[in-house]
Every structure is written in structure tokens, then in C-alpha cells.
Amino acid sequence: MYLLERTKRDFGVFLKEFDASAQVLPDVPVEMLSPWKGYALEILQEKDDLRLIAGIRRSQVNQIESVFGVATLTDFAELSDRDVEEVVRKHSLHSTYRTLHRQASMQLQTRKNGGKCTAYELVEGASSLLLPPDSDADMFFDMEGFPLMKGGGLEYLFGLDVGMDGDFKFWWAHNRQEEEQAFVWVVRCICDLVEKEQAAGRPKPHVYHYGHYEVTALRRVALRAKTAAGHAARNTLDKLFEDGMFIDVFNIISSSIVVGEPSYSIKKIEKLVNISREDDELADAESSVGMYYEWRRKHFHEDDSGQQEIVDDITSPILEEILVYNRQDCRSLRDVVSWLRAVLPHVDKLTFVDAQDDPPSESDSLAASDGDANVIEQGACGPTMKHKLADSIAIRRCLELSSSLVALGSTELDAETRGIVAHLLMYHTRESLPSRKQFSNMIKQASESDYRDLFDDDQCISGISWKGRKADMETNKQYFEYTFPRAQLFKLTSGNSAAFVVPKVGPKNISGDESKSDISCFVSLKEVSYSKENSPGSLILSAGRNPDYEPPKFGVLVSSEDLKVCNAPLRQSILRTTEKLTKQKADASVALPLAFIERRPIDEEPSRDISLEKMRNRQTRSENVAEFLASRKLSCVFVIQGPPGSGKTSLSGEIIQQLVMTYGKTVAVSSNSHAAIDNLLSSAVRSGCEAQTVWKVGTRCTKPNVARFKANVRDVKIVSWLAESEESDQCTSPSSTDHASSKRTKAKATGALVGATCYQLSQECIDGAFDFLFVDEASQVPIPNFLSMSTAAKYAILVGDQQQLEMPIRGTHPEILEQSCLAYTVGEGVKTVPASRGIFLDVSYRMNPALCRFVSQHFYDHTLAHASICTENKLNLGSNNSPDCFQYGSHGISFISTHEIPCVAEVLAPTPSYGKWYQPIEVFVISQIVSQILGLSCTVNGTSKTIGASDILVVAPYNAQVRALKDALPQGIRVGTVDKFQGQEAPVTVLSTCTSESSEDWDRYKYNGDHGTDKNGWQNGVAMSFSSDSMPGNKERRGFCFALQKNRLNVAISRAQCLAVVVGDAHAFSRIPLITLGDVDVASLYESIVSVQSK
């Protein structure tokens, strides 16, 4: 309905404002204007618009117009290199502007020769080393995709041109089964050719493609594999990627050559090689999609089950034309590669450095000659080489098992479940890959780039300079002190680890020699400090080296935090579980994992007194749930879904206390963080769980008087610890199996509670050690992480809310594995847990009725009610200290639109660079809101109080905006991303949506010259108008949809007890394209917030 209403509204506005004489282009890339791309290009060419420069962004166009003082491509290109360099240095601009100037110059040269010959020049340092050695069997690959197919599109044509003589092979795929078959054939063809060439002693061939589409599409098809052959091909493909077999020619060209064309598409690059197409009707991939759609419409029909069937002969001139287009792309790519080999300066070197793949890091790979037993696989981890080798063996076994699992016959698993488990085996390897690649790429960039170019990268602290040594007399440790330029954004903080990289470009080290190595050392950040002004920041580092170590004097810190997590225990646990499940009869330790994977509902037994409906009685809920769980015979997964403020942690603590103290059960508590574990342990103790029965593994509990004992993480036989002397502060593992067995019996008789992470609970020696496993914040726990620790217990209780923060995902996985263990158990798209899977806590003890009504309507299908104690939660605006101009209301949701708010001149004063998503107007507006709310009176759950700094939560979606808000707001105001505040509450929440103007576009605003205070109470200053063309039509759609994702908005709004103030541009979504149904959902929710109370 929202999409229909928006379309009608936008069309009405278009008809009303249409001016046939005007030539106005939308503020989006020309490529997005299809089918009007040709007309748009004519307009841009007529104006000689800066947007014609290849690869330029709108923000860069604005910067060139304001800083360089030019408005056309010609004027920019004709600036001298010296003039450009002076402007870049004067305004501390990114080196990209030098590159854009060179690009514009090349395009102008092409114009001057009438377009007959495309101008180009080589980038400094470009050489033949960017390409692998030539092979007569090199392959040139191109794919055609159909994005309109349900389930993620269809890759319907795979083309492979083999060798310089052009042996063209192709595979059609008009349905999912044929797509998988084509994928298997392609992978086999590549592998067979590589093996044949290497067996003959000839150079290894590579697979060349242009752009990222082919690699992305292959990964997508691989994740849809359902047959044993498809799973084997998927694993083989991963190996081909790791071995650098796929070469992206686009990356090589864009990094080595400046081409005088408005784009770097293969059709433009062909002009350098003087390639002429046989047929120009199929000008681009979009045309082929349209033609294939027409063919499918005539030759296919969809039955009631959604299956598509051929209803006519598939031989068609349309398909033949598409095939010719695909073959031309492959052969054009072959000619481009030959041309590159001719023009790139030849450099002799024995080894090839792949331009797009990562250099192997010490923790990622190890060359060995003693067979697989001494080879460390990509992604293997561990504290020592021995552990890495053991994990490598596990990775190879996971690969073998995932390939063979689908083909297995009679086992405990059905075919669908075997497919899920096959993907689970390699989950952690896939999940760690982006972090490893990002780290490797960042090391390379930090080493080879100007350090100033890294100021906008939040994974780095760039330009750090030596200040001196600093000794800690108590610990006798040496620390190193550095300073760094303040005008940069970074996430690194005290306690983090980082790699110290000495750049090859920039200041010289103390000896005067240019640095030669990349990573000088790994360091730990002891202290990071900076002031609000532009003065340099300060760093204190620890390198763990000997006292005589001489640290680098200048460099870049690259975060290595993501590399600290070792998933080897989880991977090995999943492997053990899978091997047990594949047996004809699985043992008891995998009863819970099997129940979870198969999503079995709770086995309610009619003969028992305790029923699921009875558990919904709020007065005796904890006793009823505990009795119900204690009476279970079959392993099951029970869900406690608690919306914001519903008391799920308190209820869980009461249930745990009942299970331990009344029924003598052993309970394990886990989560993604120690803080969440500690909270649940604390809740159980507050409910009456005796302290001598509570243990914490690995670290001490942060809550006082909760976990009396700390168990050493190296001693993983937890059940044995439970029976050790109560006076022992740290226990050791038993010396024999018999001893462990006797201790386990005693522990079960008395009942016990243990807090541990999934890494600790995944150890094989504690399989089946617990009766119950409670997982808090289960919406943040991945399916594989839960599966790895589920062998430790017979029953699992998932505590959380799938409607709040979603689990972060880095790797590329099948869709079913991109959800949390909670979402998987409850079911896709289910807002409230059904009675067959658990209980839904339907009362919020936090939000006032207006807030609760909005949250219930949009996130919980109208099932959430407010508690009577929250009825009067509000700001007391009738009091003497409330300002006359206060406009936000006393309770509920208030939306403040920045679209037409006048702003003060002070906002335009120079400010530190906070990053891309810094929104100055929202920072200013929020500072006004906070100043007016501080000191007001409010009533929360029947108690009146004066609002202080700690009573206001300010939430923003991006770290850049968080940092700017922290600098602008008074001390004590809690400011952070929504991830930081889940579980917290305050009388007032203020949300910055980051939907207004970014800092890059402030130079486009025009002064009106009006002064004074307006009727809404904004401070004196110079007012400005927001011109319609400056609104965020050019904003990244994905940025908006992340910031305003439904689950994140739910958490942000529901932190408030009285009032939630939302700040943003009311018209933001009217100027960005809605491409997916998810975009429509986000836009609809945002406009519903705007319509609640727009100011």
C-alpha cells in the first residue's frame, strides 16, 4: 500500500511541476537513468558537465566546483598539475583529486582527436607484474544473468573462451537444476585444463573476467548447490579463489592505466584495442536481460508450485543473439589482455604477485613440502603452530565431509538437513575470510598510500609520530608514546591490538632510509586520548619487545582486532557433531543439535498438568516454566521472546533459580559477550540461586557477589570443577576419567550454574555435562555458534527477541545461515514466537502507552501491551521550568524534520573531519533539543525526578555521527550506536537518523541573510534555506536502509520511557530509489514515524 501511495503522490508532483522546456537531470549517476541514459548523456555533454569524468562522485563534483572554482570538464582538465597540487595541499584534499584531474585530461585529449583514438597513459609503477605469466590455455570467462528470477536471480549462460585460438565453450541454464549443472561443468572444465597444463610442465593457466560480477555470481550459485556434485564444485571453487586463479582485468586496468573515456566498461576499453562488434543491437547487459525476459515469457510458464516449465522448443534467434554477445565479450576480453601484455612495461621476476588477491600473512598460510600434514590452510588459527596445524586438518576434513554429506544414504538426517549441515561445516572459514582479506588489503594500502589518504578509514590511525619512551615502574614494562593528527576518524581504542605499518610513501624513518617492510610489529594500545580541538591526539603503545627494541618513528596503525577471534574450537565441535550425525545411529550427545537443526516443536504431553497455555500466567510463570522444562523427556529448544522492557532477563533468572535450587539441575549460561552472561548470572542470584552453586569460566564475573568461583579457561572439565572445595578459588582438572565421573554425579545431585562462552562450551570433554543451556541475547548468536555448544546439554532455552538487533554477518553464506539461532527456531518472518515453540512476554514495563502502541503495531502484530505502572510516564511540562517554546510533546514519539529548519552560522565554523556520515544539521538540532530537555521534570513508573545528563540517551547509526555528537553535547549524556544501548533505558531518547545533509554538501547551502530567533526557539544566527536539489537524492540507498532498518529502529525508539525524539529529513525517502521490498518496508516505517508528530 505504501508503494502504491508513494507512486501516486510522486506522479502527481511530477505532473504538477513538469516543465517541458527545462533540462533537469536527477542527482544520480547516469548509469541509473536507463532507459533515458542516452538523452541524459546528451545533456551532460552539451553542458560539458563534470559528471562526465569517469568514476567521479557527486560530492567530488561539489568539491571541485567550490574549491577549484571550475564547473566544466574542460576547465578542470586544463588546470596545470602545479595548480591542482597547490589546491590539494592547501585544503588537505584526498589524493583522489589528482587522479580525477588526470582522468579529465585524458578524456579531453580523446575529444580533441575527434574520438578516433582513445588517449591513455600508464600510472607510475604499472608493470607486467600485475598480470600472471602468459599461458596458451588461459581462459576468458563471462556470464549472463537474469535478476528477475525468484530466489536471487538466475545465471542462465556461462561462456568460457579457452586459449588464444579461441575454443569457445558455453552452458545454458534455464532453471535451478540446469544452473547447478552448468556451474559444476564450468568448475570441472577449469580444473581439468589446469591439471592438464601442469602435468605437461606448462605455465598454469588463469581465468580472466571483467569486473566483480562473475566472481559474485559464481559464489551465489555455489551457495545454492543441493547435489553432492554441486557441493564438491563449491569447495573446489573456494580453493580456486584462494589460489588466485581468477584475475579481474578491470582491477588491473583501473590501477595501471588512465583511459580517456567517460567509463571503464569493457565496451569503452575495446576502443583501445580497435575491436569492432559484429552486432550492435545488444549494446549492454541490460539489453540482454530484456531480450531474455521476452524469450522466457514466450517459452516458459509457472505452475501452481512455482516451478517453471518449458512449453515450446527452446531453439530461438533471441538465444542465438545472446550467445553471440556472450562470445564477443569473452573474445574481446582475450584481446584486451593481449594488449595489456604489450603495453605494460616488462619487469623480470620469478614470482607472480596477484593484483587482486591477498599476500599471505603469517597466520594464514605456510609453505611446506612434507604433504598436507604440514600445510596450514587459509583461515586456520590457534595460539601455536601445533594448534594451527590441527585446525588445518579439521578444515580439510570439513571440506571432504561437506562434499560427501549430500550424497550419503540412510542416516539420521534427511536430504534438506544434510544440505544445511554441509554449509555449516565451512561457515566459520567463510565468515573469517572478509576480515582476513580486509586486513591484508589495509596493510598493503597503508604501506603504499600517502598516509593522509587514510584519514577517512576508521580501521586506521594514520600519521602517528614518535614522541618518546615511557616506562611503567610497577610492571617494569616499556611503552612507546606517539602523537597523531586529530582530523581523522577511527574505531581503535584502549585495549585494542593493531599492526604498526611503516609506509613506503611519506616521512623517512630515523636513520634516513626509506622503509622497506610492511608490518614492523604488532602492538597493543594502552591509551588513546585527544581533545575536542584540532590539537594532535596522543597514543601509548606496548609492543611486547625487549628493552633495546627501537620502534618505528612514523607510521600507520591498522586494526587487527578481528583477527584475534579464533573459531577453531567451534569448527572442530561442528565437525565432531556432523560425524556423529552421519552414523546410522547418532549418540545421545547430538540429541539437542539434531532437534535444533530439524526445528522440532516442543513435545507438549497432554497427560501432564503443566501446559504451554498455563505458562502464560504472569503470576506463576517462572514456576510453571521451570516445572515444564524439568519434566521434559525429549531434547528440545524452548524460546523466551521478550520485547523491550518485558523483563526477560528477570524471568530467565527466576527460571534458572528454580531449575538449580528446586530440581537440582545443572545449568550452563552463554551468550555472545561476557557482559550478557554476567547479567543473567546476576539475575539468577538475585532470584535466590545460592552463590556457592555459581561459577564463571575464563574471567571473573563483573557483577559483585554473583559468581564466587572463577574456573580457569584452560581447565575445560567444568563439571569436575563444580564438586571441588568451596574454598578453592581456581580449580584444576581431574587426573582420571573415574574421578571425573564421580565428581559429575555429585554435581548433578546438588545442582549448579556455570557461565561460559560458546568457545568454552564447545569442548568435547564436556559433551552432555549439563541438563540445560540458556543462551541470552540469542538473536545475536549465529546458528553454527549455538550448534557448537549445544552438545553440552540436553535442552536449550533461547532468550531474546528476533525483532531487535540482528546478528552481524561478514561472510557470504546461504540465506538460511544468515539468521540467528533464535530467528531460525522461531521461523522466517515470524514476529512473535508461536506457542508450540515457547512463550512471548506480552507486557512492557518500560514504555508509556503511546510509545508502546507504536512499537506493538509496527514490530509485534499489536500483541504488546504496556504495564499499568507506565501509564503516567511523561515529561511534566506544566512545571515552572519548562520553556514556552518546548515543542516536542510530553510523551510518545516526536519527529523533528531538518528539511526547512533555519540553522545558525556557528554550525558552519570549521570542525574536525568526522567522516562521510557526519550530519552537522542533525548534530546542531540535537544539541538544541538536549539543552531544552535538561532540567525538566518527568514521571517514570510513578516517581517524579529532574532530568539530568544520565537520563538522556542519544543514538546514531554511525560512529562518525556518534563522535560529533559526543563533542557537541554536555558531559554525562549517553551517546552511542544502537548496538551499545540494547538492554538500556532512559526517560528520553533522541535518535539521529543521518538522513539529512552530509558535511560534504554544506558548501552548497545559500545564506538568506535573516537574523534573529524564530518562533520555535532556535538560537540567534544566520538562517539558511535548504534548496531542493541539495537534498539526499544522491545518498547511498544502502546507507539509509542500514540506518533505518526496522530492528534497529525498534531498539532505538523502545529505549525511551517517556519521550522518543527522532531527528531527520522528512522527505529523505522521496528522493532515493526503492529497489527491493526491504527498501519499501524501511521507507514505509520511516514515513509512519514522520506522520506520528512531524514538526
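A crossing of two helices is termed left-handed if the near helix is turned anticlockwise from the far one by less than a right angle, and right-handed if clockwise. By this criterion, helix 11 and helix 13 cross in a left-handed manner. The model is predicted, so that local features need pLDDT of at least 70 and side-chain atom pairs count only at pLDDT 80 or more, while totals for chains, interfaces and linings use all residues. Residues are numbered from 1 along each chain as its sequence is written, and side-chain values use heavy atoms, with hydrogens and water left out.

The protein chain contains 33 helices and 35 strands (DSSP runs numbered from the N terminus: H or I of at least four residues for helices, E of at least two for strands). Among contacts (heavy atoms within 4.5 Å) with a separation of 6 or more, 71% are between residues 24 or more positions apart.

The axes of helix 11 (residues 266–273) and helix 13 (residues 317–343) come within 10 Å and cross at roughly 50°. Axes are lines fitted to C-alpha atoms, for helices over the stretch in contact, and angles run from 0 to 180 degrees between N-to-C directions. The two helices are therefore oblique to each other, given that angles under 35 degrees count as roughly parallel, over 145 as roughly antiparallel, 65 to 115 as roughly perpendicular and the rest as oblique. On the helix 11 side, Ile266, Lys267, Ile269, Glu270, Leu272 and Val273 meet Tyr325, Asp329, Ser332, Asp335, Val336 and Trp339 of helix 13. By class, this contact comprises seven nonpolar, one polar and four charged residues (Ala, Val, Leu, Ile, Met, Phe, Trp, Tyr, Cys and Pro are nonpolar, Asp, Glu, Lys and Arg charged, and the others, Gly among them, polar).

Two individual residues were also examined. Asparagine 235, in helix 9 (residues 228–242), is buried, with a relative accessible area of 8%. Leaving aside neighbours within four places in sequence, asparagine 235 contacts Leu399, Ser402, Ser403 and Met426. Proline 536, in the loop between strand 13 (519–529) and strand 14 (537–542), is exposed at 57% relative accessible area. Not counting residues up to four places away in sequence, proline 536 touches Thr483, Phe484 and Arg486.

Definitions and conventions: Buried means under 20% relative accessible area, exposed over 50%, partly exposed in between (1.4 Å probe, protein chains only).
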